[in-house]
Amino acid sequence: MSSYPTPGATPSGRIGIGLELDSTHLKILEVLRENGRISVAALAERVGISRANAYTRFEALRADGAIKGFTAEIDHVRAGLGITALVFVTVRQQMWRQFRAQLAQMPEVEYCAITTGQHDAMIQVRMADVAAVHSLVTERLANIPAVKATETVFILDEVIKRPYILPTDSRPAARRPAAEASGDGVPLGKMRFEGVSESRAGLQRDQG
């Protein structure tokens with residue numbers, strides 16, 4: 001962002017910690033989400049405040065940690081990483097420290113989160129092809145003693161990908177008209193689930 005201090009510079013001492021974000025701060029974050037290289041003057045105009053106010057508020061957001069930094073967004077396909085996969089990992093509970101340390105040595109890992117549910121962690125990787133994903137999972141992840149099991153899911157299309165979301169993004173959902181009923185009494189657009197025993201009994205009757 002032009003006219004701003006270089007990243008990593010010491011924040012001004014006049015800005016304290018524990019900043020409470022108001023609607024103007026959130027508007028600044030909305031504008032920066034669209035264009036992180038916008039000038040202070042243009043930012044002030046978009047938000048409807050003075051340039052001095054925009055600069056001070058930006059500094060406050062950066063010093064408080066609400067803005068952690070700026071980075072480039074790339075097209076992974078153009079960069080030669082056309083395959084994206086999620087790898088769900090079950091970790092041996094006594095070996096979390098080793099798991100984290102080994103994972104940190106894998107630059108292909110774009111994201112990792114500790115999760116609840118059937119698995120303990122979810123890893124997102126971007127690779128050149130399916131064979132590269134297979135090699136990573138079977139030859140590298142599988143050989144980590146802390147890894148007990150893995151399950152890999154390939155991403156077919158990234159439908160929504162936002163830099164970040166804000167509280168102001170939440171809007172009351174518009175009321176939809178009541179769904180029309182289909183011939184069997186199930187509203188269109190909904191699913192009806194049948195118990196396993198009921199379905200099997202029906203199949204047996206049909207085959208009989």
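**Exercise 1. Which residues in α2 meet which residues in α3?**

Before starting, note that this is a predicted model, in which local features need pLDDT of at least 70, side-chain atom pairs count only at pLDDT 80 or more, and totals for chains, interfaces and linings use all residues. Residues are numbered from 1 along each chain as its sequence is written, and side-chain values use heavy atoms, with hydrogens and water left out.

Solution. 
- Step 1. Locate the elements: α2 covers residues 40–47 and α3 covers residues 51–64. Helices (H or I, at least four residues) and strands (E, at least two) are DSSP runs, numbered from the N terminus.
- Step 2. List the contacts, where contact means heavy atoms within 4.5 Å. Val40, Leu43 and Ala44 in α2 meet Arg51, Ala54 and Tyr55 in α3.
- Step 3. Sort these residues by class: 5 are nonpolar, none polar and 1 charged. Here Ala, Val, Leu, Ile, Met, Phe, Trp, Tyr, Cys and Pro count as nonpolar, Asp, Glu, Lys and Arg as charged, and the others, Gly among them, as polar.

**Exercise 2. Describe how α3 packs against α2 and against α1.**

Solution. 
- Step 1. Two packed helices are described by the angle between their axes and the distance between the axes. Axes are lines fitted to C-alpha atoms, for helices over the stretch in contact, and angles run from 0 to 180 degrees between N-to-C directions.
- Step 2. For α2 and α3 the angle is about 100 degrees and the axes are 8 Å apart. α2 is therefore roughly perpendicular to α3. Angles under 35 degrees count as roughly parallel, over 145 as roughly antiparallel, 65 to 115 as roughly perpendicular and the rest as oblique.
- Step 3. The axes of α1 (residues 23–34) and α3 come within 10 Å and cross at roughly 85 degrees, so α1 is also roughly perpendicular to α3.
- Step 4. On the α1 side, Thr24, His25, Ile28, Leu29 and Leu32 meet Arg57, Phe58 and Leu61 of α3. The residues of this contact divide into 5 nonpolar, 2 polar and 1 charged.

**Exercise 3. Is Glu30 buried or exposed, and what is it in contact with beyond its sequence neighbours?**

Solution. 
- Step 1. Glu30 is found in helix α1.
- Step 2. Glu30 counts as buried because its relative accessibility is 18%. Buried means under 20% relative accessible area, exposed over 50%, partly exposed in between (1.4 Å probe, protein chains only).
- Step 3. Setting aside neighbours within four places in sequence, Glu30 is in contact with Leu166 and Thr168.

**Exercise 4. Characterise the aromatic pair formed by Trp96 and Phe99.**

Solution. 
- Step 1. Both residues lie in helix α4 (residues 96–103), 3 residues apart, about one turn of the helix.
- Step 2. Rings of Phe, Tyr and Trp (its six-membered ring) pair if their centres lie within 6.5 Å; planes under 30 degrees apart count as stacked, over 60 as edge-to-face and the rest as tilted.
- Step 3. Trp96 is buried at 19% relative accessibility, and Phe99 is buried at 1%.

**Exercise 5. Which stretches call for caution?**

Solution. 
- Step 1. The chain averages a pLDDT (the predictor's confidence in each residue, from 0 to 100) of 82, and 74% of the residues score at least 70.
- Step 2. The pLDDT is below 50 over residues 2–16 and over residues 186–204.
- Step 3. Where pLDDT is low, the predicted coordinates should not be read in detail.
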